[in-house]
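Subject: Structure for you to look at

Hello,

Here is the structure I said I would pass on. Please open it next to this message and follow along; my notes come after it.

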Amino acid sequence: MTAALPDGRPILWAPHPGPQTTFLASTAHEALYGGAAGGGKSDALLFGALRQVAHPEYRALILRRTFPELRELMDRALPIFTAIGAEWNASEKRFRFPQGAVIEFGYCATYADVLQYQGKAYQYIGWDEVGQIAEERIWTYLISRNRPTAPGQVLQMRGSANPGGAGHHWLKRRFITPCPWDGTPVPVEVTLPGGEAVRTTRAFVAAKLTDNPTLMANDPGYGQRLALLPELERRWLRDGDWNAGAGLALAMRPEHLVPAFAIPAHWHRFAALDWGYNHPFSW
């Protein structure tokens, strides 16, 4: 039997207690829900966009790296969004709600892609699998599109990610290292080159497979299949370990190392210089 509200209306979707609820309730401007696969991150990101659909001027943007990757999210949204009165425009990939609010779906893989949103204003920007995006400046550009169009609107930047993707390093620096893993918002002050200080808040909510009882009940063997992955991928996707193998071309295993020894004088020396984009260079 479907659960119902006191007035008899059915509950179409509800967050699981724990991290999923914490992520949806976050008051931080920027929040990342990251960790193990199957933790319910995509659902939280998608349905979090519904928070302000009663506002006629509300606009939300749901992103993935490519349009084909959006299909599952759009399929997931269709029966629930239409059940609460939204109309789906397939050509424009957007839902329009009875009060006038709009939730649209878009793609972005490169900095050139993000410029298609220049001049737009969205109160909610949710990026599913943002860890696939290598450049942090794409995320920061979208923050400039996260702006109100009417009084009383709440601004939210939301992302979901697994460890180990192309954006692992900047996500770890921006969210995982400075923020408590329980979703507590932290104040952040960024000093611009001219000396101006910009203040914001960020939060990180850690995701575990066991946080999603629906998946565990429907597919009890999912965790076991994740356990069959190679060691590094297993630590990323099953364990949600953001410290596993980050930045290494090879996992640091014994077979990849040799004991220290004196380099023979006749050997050629070779050196490489990496200037670094966000950090001091190393040589």
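Two strands count as paired when DSSP finds at least two bridges between them. By that rule strand 2 and strand 6 (residues 124-127) are paired: four bridges join them, in the parallel sense. L61 is the residue that stands opposite I125 in strand 6. Please keep in mind that this is a predicted model.

Which way does strand 5 run relative to strand 2 (residues 59-64), parallel or antiparallel? The two run parallel and are joined by six bridges. Here L63 stands opposite G106 of strand 5. Strand 4 (residues 94-96) runs antiparallel to strand 5, with three bridges between them. F95 has I103 in strand 5 as its bridge partner. Strand 4 and strand 5 also make a hairpin, with five residues between them. In that turn, G100 has a positive phi of about 115°.

Is strand 5 largely enclosed or largely open? Of its six residues (102-107), five are buried, so strand 5 is largely enclosed by the rest of the structure. The buried residues of helix 2 are K41, D43, A44, L45, L46, F47 and G48.

In soluble globular proteins, nonpolar side chains tend to be buried together. In this model the largest nonpolar core has 30 residues, and F81, F97, I103 and F105 have the most contacts inside it. At least two residues of this core come from each of strand 1 (30-35), helix 2 (41-48), strand 2, helix 3 (71-83), strand 5 and strand 9 (197-207). Helix 3 gives the most, with five residues.

What does F81 touch? Leaving aside residues up to four places away in sequence, F81 touches L46, F47, L50, A86, F95, F97 and I103. Another core, of 28 residues, lies apart from the largest one; among its residues are C108, Y117, I176 and W242.

Aromatic rings and charges

How many aromatic pairs does the structure hold? There are 16 aromatic pairs. One of them is Y111 with Y141, an edge-to-face pair with 6.0 Å from centre to centre and 75° between the planes. Y111 lies in helix 4 (residues 111-114) and Y141 in helix 5 (residues 136-145), so this pair ties together parts that are 30 residues apart in sequence. Y111 is partly exposed, with a relative accessible area of 25%, whereas Y141 counts as buried at 15% relative accessibility. The cut-off for buried is under 20% relative accessible area.

Y117 and Y122 form another edge-to-face pair, with 6.4 Å from centre to centre and 75° between the planes. Both Y117 and Y122 are buried. There is also one aromatic cluster made up of W13, F47, F81, W88, F95, F97 and F105.

Two charged residues sit over rings. R137 has its charged end over the ring of Y111, 3.9 Å from the ring centre. K93 lies over the face of F67, at 5.8 Å from the centre of that ring.

Two single residues

S26 is in the loop between helix 1 (19-25) and strand 1. Is S26 buried or exposed? S26 counts as buried, at 7% relative accessibility. Beyond residues up to four places away in sequence, S26 touches A31, R51, Q156, R158 and A203.

E233 lies in helix 9 (residues 231-237) and is partly exposed, with a relative accessible area of 31%. E233 and A244 are eleven residues apart in sequence, and 8.8 Å apart in space from C-alpha to C-alpha.

Regards

Methods. Residues are numbered from 1 along each chain as its sequence is written. This is a predicted model: local features need pLDDT of at least 70, side-chain atom pairs count only at pLDDT 80 or more; totals for chains, interfaces and linings use all residues. Side-chain values use heavy atoms; hydrogens and water are left out. Buried means under 20% relative accessible area, exposed over 50%, partly exposed in between (1.4 Å probe, protein chains only). A nonpolar core is a set of buried Ala, Val, Leu, Ile, Met, Phe, Trp, Tyr and Cys residues joined through side-chain atoms within 4.5 Å. Contact means heavy atoms within 4.5 Å. Rings of Phe, Tyr and Trp (its six-membered ring) pair if their centres lie within 6.5 Å; planes under 30 degrees apart count as stacked, over 60 as edge-to-face and the rest as tilted. A charge sits over a ring if NZ of Lys or CZ of Arg is within 6 Å of the ring centre and within 35 degrees of the ring normal.
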